[in-house]
Amino acid sequence: MSYCPPYAPFFGFAGVSSAMVFSTVGAAYGTSKAGIGIAGLGTFKPELIMKSLIPVVMSGIIAVYGLVVSVLIAGGLTPQGYSLFAGFVHLGAGLSCGFTGLAAGYAIGIVGDSCVRAYVHESKVFVTMVLILIFAEVLGLYGLIVALLMNTRATGEGPCL
(Lines give C-alpha, C1' and ligand atoms only; values in the text may rest on other atoms or scores of the structure.)
Protein backbone atom coordinates (compact mmCIF):
# COMPACT_ATOMS: atom_id res chain seq x y z
CA MET A 1 0.00 0.00 0.00
CA SER A 2 1.22 3.45 -0.79
CA TYR A 3 0.39 6.86 0.60
CA CYS A 4 -1.55 9.15 -1.79
CA PRO A 5 -1.92 12.65 -0.35
CA PRO A 6 -3.78 15.26 -2.39
CA TYR A 7 -0.59 17.25 -2.94
CA ALA A 8 1.32 14.35 -4.53
CA PRO A 9 0.57 15.42 -8.14
CA PHE A 10 2.32 18.73 -7.41
CA PHE A 11 5.65 16.91 -7.44
CA GLY A 12 4.79 15.20 -10.72
CA PHE A 13 3.88 18.52 -12.31
CA ALA A 14 7.09 20.01 -10.89
CA GLY A 15 8.96 17.24 -12.75
CA VAL A 16 7.10 18.09 -15.96
CA SER A 17 7.91 21.77 -15.69
CA SER A 18 11.52 21.29 -14.62
CA ALA A 19 12.24 18.97 -17.55
CA MET A 20 10.74 21.43 -20.00
CA VAL A 21 12.04 24.67 -18.47
CA PHE A 22 15.64 23.69 -17.72
CA SER A 23 16.26 21.84 -20.98
CA THR A 24 14.72 24.70 -22.96
CA VAL A 25 16.86 27.27 -21.15
CA GLY A 26 19.93 25.19 -22.00
CA ALA A 27 18.86 24.94 -25.63
CA ALA A 28 18.18 28.68 -25.78
CA TYR A 29 21.59 29.48 -24.32
CA GLY A 30 23.32 27.13 -26.75
CA THR A 31 21.43 28.57 -29.70
CA SER A 32 22.14 32.17 -28.76
CA LYS A 33 25.81 31.64 -27.94
CA ALA A 34 26.48 29.64 -31.11
CA GLY A 35 24.40 32.12 -33.13
CA ILE A 36 26.65 34.95 -32.01
CA GLY A 37 29.65 33.02 -33.33
CA ILE A 38 27.85 32.33 -36.61
CA ALA A 39 27.04 36.01 -37.01
CA GLY A 40 30.71 36.83 -36.51
CA LEU A 41 31.72 34.19 -39.04
CA GLY A 42 29.20 35.47 -41.58
CA THR A 43 30.86 38.85 -41.85
CA PHE A 44 34.15 37.27 -43.00
CA LYS A 45 33.11 34.12 -44.89
CA PRO A 46 29.36 33.95 -45.63
CA GLU A 47 29.79 30.71 -47.59
CA LEU A 48 30.56 28.86 -44.32
CA ILE A 49 27.30 29.79 -42.56
CA MET A 50 25.30 26.70 -43.54
CA LYS A 51 28.05 24.35 -42.38
CA SER A 52 28.31 26.25 -39.11
CA LEU A 53 24.66 25.76 -38.16
CA ILE A 54 25.40 22.36 -36.57
CA PRO A 55 25.66 23.74 -32.99
CA VAL A 56 22.29 25.47 -33.35
CA VAL A 57 20.61 22.27 -34.56
CA MET A 58 22.18 20.26 -31.76
CA SER A 59 20.95 22.79 -29.21
CA GLY A 60 17.43 22.39 -30.51
CA ILE A 61 17.61 18.64 -29.94
CA ILE A 62 18.22 19.29 -26.24
CA ALA A 63 14.83 21.01 -26.01
CA VAL A 64 13.21 18.00 -27.71
CA TYR A 65 14.60 15.75 -24.96
CA GLY A 66 12.85 17.89 -22.36
CA LEU A 67 9.63 17.84 -24.36
CA VAL A 68 9.67 14.04 -24.63
CA VAL A 69 10.21 13.59 -20.90
CA SER A 70 7.55 16.18 -20.05
CA VAL A 71 4.96 14.46 -22.22
CA LEU A 72 5.77 11.04 -20.76
CA ILE A 73 5.58 12.27 -17.18
CA ALA A 74 2.36 14.16 -17.86
CA GLY A 75 0.89 10.97 -19.29
CA GLY A 76 1.51 9.21 -15.97
CA LEU A 77 -0.23 11.88 -13.89
CA THR A 78 -3.68 10.93 -12.65
CA PRO A 79 -6.03 12.83 -10.38
CA GLN A 80 -6.92 9.71 -8.37
CA GLY A 81 -4.50 7.18 -6.93
CA TYR A 82 -1.30 9.13 -7.59
CA SER A 83 1.17 8.18 -4.88
CA LEU A 84 3.78 10.34 -3.22
CA PHE A 85 6.39 7.87 -4.43
CA ALA A 86 5.33 8.40 -8.05
CA GLY A 87 5.40 12.17 -7.54
CA PHE A 88 8.96 12.13 -6.26
CA VAL A 89 10.12 9.74 -8.97
CA HIS A 90 8.57 12.00 -11.62
CA LEU A 91 10.22 15.02 -10.01
CA GLY A 92 13.58 13.27 -10.09
CA ALA A 93 13.09 12.25 -13.71
CA GLY A 94 12.24 15.81 -14.70
CA LEU A 95 15.19 17.24 -12.81
CA SER A 96 17.63 14.73 -14.29
CA CYS A 97 16.53 15.54 -17.83
CA GLY A 98 16.31 19.28 -17.19
CA PHE A 99 19.66 19.76 -15.51
CA THR A 100 21.57 17.61 -18.00
CA GLY A 101 19.84 19.54 -20.78
CA LEU A 102 20.94 22.79 -19.18
CA ALA A 103 24.53 21.55 -18.92
CA ALA A 104 24.53 20.20 -22.48
CA GLY A 105 23.10 23.41 -23.91
CA TYR A 106 25.72 25.43 -22.06
CA ALA A 107 28.52 23.21 -23.36
CA ILE A 108 27.18 23.27 -26.92
CA GLY A 109 26.96 27.05 -26.83
CA ILE A 110 30.49 27.58 -25.58
CA VAL A 111 32.01 25.03 -27.96
CA GLY A 112 29.89 26.20 -30.88
CA ASP A 113 30.83 29.84 -30.43
CA SER A 114 34.56 29.17 -30.03
CA CYS A 115 34.87 26.60 -32.79
CA VAL A 116 32.80 28.52 -35.32
CA ARG A 117 35.00 31.56 -34.79
CA ALA A 118 38.10 29.40 -35.19
CA TYR A 119 36.63 27.82 -38.32
CA VAL A 120 37.01 31.16 -40.11
CA HIS A 121 40.78 30.87 -39.86
CA GLU A 122 41.34 27.11 -40.00
CA SER A 123 39.01 24.65 -41.74
CA LYS A 124 40.55 21.62 -39.96
CA VAL A 125 38.79 22.63 -36.76
CA PHE A 126 35.41 21.58 -38.20
CA VAL A 127 35.83 17.85 -37.47
CA THR A 128 37.02 18.62 -33.96
CA MET A 129 34.02 20.89 -33.41
CA VAL A 130 31.59 18.17 -34.47
CA LEU A 131 33.23 15.59 -32.18
CA ILE A 132 33.15 17.87 -29.16
CA LEU A 133 29.55 18.83 -29.91
CA ILE A 134 28.60 15.15 -30.01
CA PHE A 135 30.15 14.62 -26.59
CA ALA A 136 28.27 17.65 -25.26
CA GLU A 137 25.01 16.39 -26.76
CA VAL A 138 25.49 13.02 -25.08
CA LEU A 139 25.21 14.74 -21.69
CA GLY A 140 21.60 15.57 -22.50
CA LEU A 141 21.01 12.09 -23.88
CA TYR A 142 22.21 10.55 -20.61
CA GLY A 143 19.66 12.64 -18.72
CA LEU A 144 16.94 11.52 -21.12
CA ILE A 145 17.83 7.86 -20.57
CA VAL A 146 17.87 8.24 -16.79
CA ALA A 147 14.53 10.07 -16.89
CA LEU A 148 12.98 7.33 -19.02
CA LEU A 149 14.23 4.65 -16.63
CA MET A 150 12.91 6.55 -13.63
CA ASN A 151 9.56 7.12 -15.32
CA THR A 152 9.09 3.36 -15.77
CA ARG A 153 9.64 2.89 -12.01
CA ALA A 154 6.85 5.32 -11.11
CA THR A 155 4.10 3.09 -12.50
CA GLY A 156 2.62 -0.04 -11.00
CA GLU A 157 2.56 1.27 -7.44
CA GLY A 158 -0.68 -0.27 -6.33
CA PRO A 159 -3.68 1.13 -4.45
CA CYS A 160 -3.42 4.07 -2.10
CA LEU A 161 -4.18 4.09 1.60
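Biologist: What makes Cys-115 count as buried?

Modeller: This is a predicted model, and the values are computed from it. Cys-115 has a relative accessibility of 11%. Buried means under 20%. The value falls under that cut-off, so Cys-115 counts as buried.

Biologist: How many disulfides does the count come to?

Modeller: The count comes to 0 disulfides. A disulfide is a covalent bond between the sulfur atoms of two cysteines. To be counted here, a pair of cysteine sulfur atoms must lie within 2.5 Å. By that rule the total is 0.

Biologist: Why is Met-20 called partly exposed?

Modeller: Met-20 has a relative accessible area of 27%. Buried needs under 20%, and exposed needs over 50%. The value lies in between, so Met-20 is partly exposed.

Biologist: Where does Met-20 lie, and which residues is Met-20 in contact with, leaving aside its neighbours within four places in sequence?

Modeller: Met-20 sits in helix H1, residues 8–44. With those neighbours left aside, Met-20 is in contact with Ala-63, Gly-66, Leu-67 and Ser-70. Contact means heavy atoms within 4.5 Å. Leu-141 is 121 residues from Met-20 along the chain, and their C-alpha atoms are separated by 14 Å.

Biologist: Why does Asn-151 count as buried?

Modeller: Asn-151 has 14% relative accessibility. That is under 20%, so Asn-151 counts as buried. Asn-151 lies in helix H4, residues 125–153. Neighbours within four places in sequence aside, Asn-151 is in contact with Leu-72, Ile-73 and His-90.

Biologist: Which elements does the chain hold?

Modeller: The chain has 4 helices and 0 strands. From the N terminus on, the order is α-α-α-α.

Biologist: Where does UniProt place the feature "transmembrane region"?

Modeller: The unreviewed UniProt entry places this feature at residues 6–31, 52–76, 82–104 and 125–149. In the model, residues 52–76 are 92% helix and 0% strand, with end C-alpha atoms 39 Å apart. Residues 125–149 are 100% helix and 0% strand, and their end C-alpha atoms are 36 Å apart.

Note on methods: Residues are numbered from 1 along each chain as its sequence is written. This is a predicted model: local features need pLDDT of at least 70, side-chain atom pairs count only at pLDDT 80 or more; totals for chains, interfaces and linings use all residues. Side-chain values use heavy atoms; hydrogens and water are left out. Helices (H or I, at least four residues) and strands (E, at least two) are DSSP runs, numbered from the N terminus. Buried means under 20% relative accessible area, exposed over 50%, partly exposed in between (1.4 Å probe, protein chains only). UniProt positions are given in the numbering used here, feature names are shortened, and annotations may be inferred rather than shown by experiment.
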